[in-house]
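Please have a look at the sequence and the model first.

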Amino acid sequence: MIKIDCSNLNSEMKKKGITPHELAFLLGEKDEAIKAKIEGSSEWIYSEAVTIRDRLFPECELGYLFTEKEQDA
C-alpha cells in the first residue's frame, strides 16, 4: 500500500504562512477533510494536489510536496 507523506507540503505551508483553512477554501472542502488528508488518514485526489501546487507552490515539484511512501499492509 502506498501512503502520501505531506511533511514537505507542511514545511512549505509554514514558510509561506498558509493554513489548512486556506487549502480547504481553495479546494472547496471542509477544514476537517483537508486536515485528515494532511495527516494521512484520508486520500488526496490528483487534481487537488495539482491545484495546490499550481496555485500556491508553482516553484515546487508535485512529487516533492506529495511524496509517495511505501507502507506495510
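Predicted model: local features only at pLDDT ≥ 70, side-chain atom pairs only at ≥ 80, totals over all residues.

The chain exposes about 4,900 Å², of which carbon and sulfur atoms supply 51%, the areas coming from the Shrake-Rupley method with a 1.4 Å probe, where for residues only the protein chains shown count as cover. Residues are numbered from 1 along each chain as its sequence is written, and side-chain values use heavy atoms, with hydrogens and water left out.

Turning to the fold, the chain has 5 helices and 2 strands, arranged along the sequence as β-α-α-α-α-α-β; these are DSSP runs, helices being H or I of at least four residues and strands E of at least two, numbered from the N terminus.

As for overall dimensions, the C-alpha atoms fill a box of roughly 35 × 25 × 20 Å along the principal axes.

Of the 73 residues, 30% count as buried, meaning under 20% relative accessible area with a 1.4 Å probe and protein chains only. Which residues of helix α4 are buried? In α4, residues 46-56, they are Glu48, Ala49, Val50 and Ile52, and the buried residues of this helix pack against α1 (7-16), α2 (20-27), α3 (31-39) and α5 (62-65), a contact being heavy atoms within 4.5 Å.

Finally, among contacts in the chain with a separation of 6 or more, 61% come from residues 24 or more positions apart.

How values were computed
Buried < 20%, exposed > 50% of the residue type's maximum accessible area, 1.4 Å probe, protein only.
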